[in-house]
Amino acid sequence: MSQNSPTEPAGTVYIVGSGPGDIELLTLRAARLIGEADAIVYDHLIADGVLDLARIDAERIYVGKKSSNHTVPQDELNRLLVRLARAGKRVVRLKGGDPFVFGRGGEEIEALVDSGVTFEVVPGITAAAGCGAYAGIPLTHRDHAQAVAFATGHLKDGTINLDWPSLARPRLTVVFYMGVGGLTEICRQMIAHGLPGDHPAAIVQSGTTGRQRVLTADLATLPAKVNAAGMTAPALIIVGTVVRLREKLAWFQSPAASGVTSPDGSG
Ligand code: SAH
């Protein structure tokens with residue numbers, strides 16, 4: 001059926017991470033599976049150009065998700081994956097970043113397990129790794145951090161009810177996913193739980209892409225600066241003294257960077 005004499009068995013669902021945005025950050029396995037797939041079920045946050053790797057006759061199904069505005073409800077999506085696999089298709093379920101980092105990969109696999117559908121998981125570069133690299137912010141630089149935490153700035157019910165005492169710690173880097181809407185609250189809570197107002201914090205919008213914008217500030221001033229710069233999702237918030245390293249280590253210049261006024265002057 002396929003033009004590419006595929007090496008992967010039909011009737012299988014591959015939950016594939018497509019990385020943070022730059023198509024060159026796809027894994028070789030992801031690229032091959034996309035090229036062999038009979039059907040590709042994808043979100044809105046997948047890297048630009050990734051679908052061009054698919055066969056011309058591959059079915060492309062958009063199930064775009066924005067945090068509070070699910071285009072396709074999760075149970076419907078789960079049923080779709082099961083139906084496609086049972087029809088004997090090689091299905092790639094393509095997700096932004098890594099499927100298991102705030103990607104609901106786990107939920108989708110549970111449905112596959114319950115239905116007896118064969119599946120595999122292909123990890124991807126998660127946004128924190130991609131944005132840290134392309135913003136020149138080494139998340140665990142030894143002089144600054146002993147650990148890094150990935151936190152969600154958006155909970156299922158719309159509140160941010162995090163374990164703030166464990167996040168507002170010295171020598172810890174905290175990366176908030178989905179944190180733009182709750183940025184003011186995040187910064188307020190980190191200060192309320194003991195971090196100084198001048199504790200470094202950064203935002204990376206559309207990291208690793210030609211649209212990347214980075215702004216560095218501190219907990220007290222970041223929300224107003226993000227507002228003034230008109231920065232929006234998808235973006236990561238990075239909190240920790242590692243943010244200071246960007247001044248020296250920034251290397252990636254996106255065309256969009258020149259449009260941002262940044263305290264460190266490099267956009
Ligand atoms: N599974 C994904 C995360 C999905 S949650 C991963 O591992 O990266 C979606 C959130 O990821 C966005 O709201 C944003 O906070 C973050 N994100 C994804 N891609 C991004 C990018 N290129 N730049 C900045 N943040 C990004």
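I started with helix α1 (residues 28-36), which lies across β1, β2 (39-42), β6 and β7 and runs at about 135° to β1. For "lies across" I count contact, meaning heavy atoms within 4.5 Å. Angles run from 0 to 180 degrees between N-to-C directions, with axes as lines fitted to C-alpha atoms, for helices over the stretch in contact. Helices (H or I, at least four residues) and strands (E, at least two) are DSSP runs, numbered from the N terminus.

A note on the source: this is a predicted model, where local features need pLDDT of at least 70, side-chain atom pairs count only at pLDDT 80 or more, and totals for chains, interfaces and linings use all residues. Residues are numbered from 1 along each chain as its sequence is written, and side-chain values use heavy atoms, with hydrogens and water left out.

**Parallel sheet**

Next I looked up helix α3 (residues 105-115), which lies across β1, β6 and β7 and runs at about 175° to β1. The sheet under these helices has what strand order? I read it as β3-β2-β6-β1-β7, an open sheet of five strands with parallel pairing. I call two strands paired if DSSP finds at least two bridges between them. The edges are β3 (59-62) and β7 (118-122), each pairing on one side only. Neighbouring strands here are turned by 20° against each other on average, direction ignored.

Then I went through the pairs. β1 (residues 12-17) and β6 (residues 90-95) pair in the parallel sense over six bridges, and Ile15 stands opposite Arg93 in β6. β2 pairs with β3 over four bridges, parallel, and Val41 has Ile61 in β3 as its bridge partner. β2 also pairs with β6 over four bridges, again in the parallel sense, and there Ile40 has Val92 in β6 as its bridge partner.

Which way do the β2 side chains point? Ala39 and Val41 point one way, Ile40 and Tyr42 the other, and all are buried (buried is under 20% relative accessible area, exposed over 50%, partly exposed in between, with a 1.4 Å probe and protein chains only). In a regular strand the side chains alternate between the two faces of the sheet.

**Mixed sheet**

I moved on to another open sheet of five strands, ordered β8-β9-β12-β10-β11 with mixed pairing. β8 (147-152) and β11 (213-218) stand at the edges with a single partner strand each, so one side of each has no neighbour in the sheet. The twist averages 20° from one strand to the next.

Gln205 counts as buried because its relative accessibility is 9%. Leaving aside neighbours within four places in sequence, its contacts include Arg211, Met231 and Pro234.

**Helix pair**

Last, I took α6 (residues 183-192) against α7 (residues 222-229): they pack at about 160°, axes 9 Å apart. That makes α6 roughly antiparallel to α7 (under 35 degrees is roughly parallel, over 145 roughly antiparallel, 65 to 115 roughly perpendicular, the rest oblique). I noted that Leu183, Thr184 and Cys187 in α6 meet Leu222, Pro223 and Val226 in α7.
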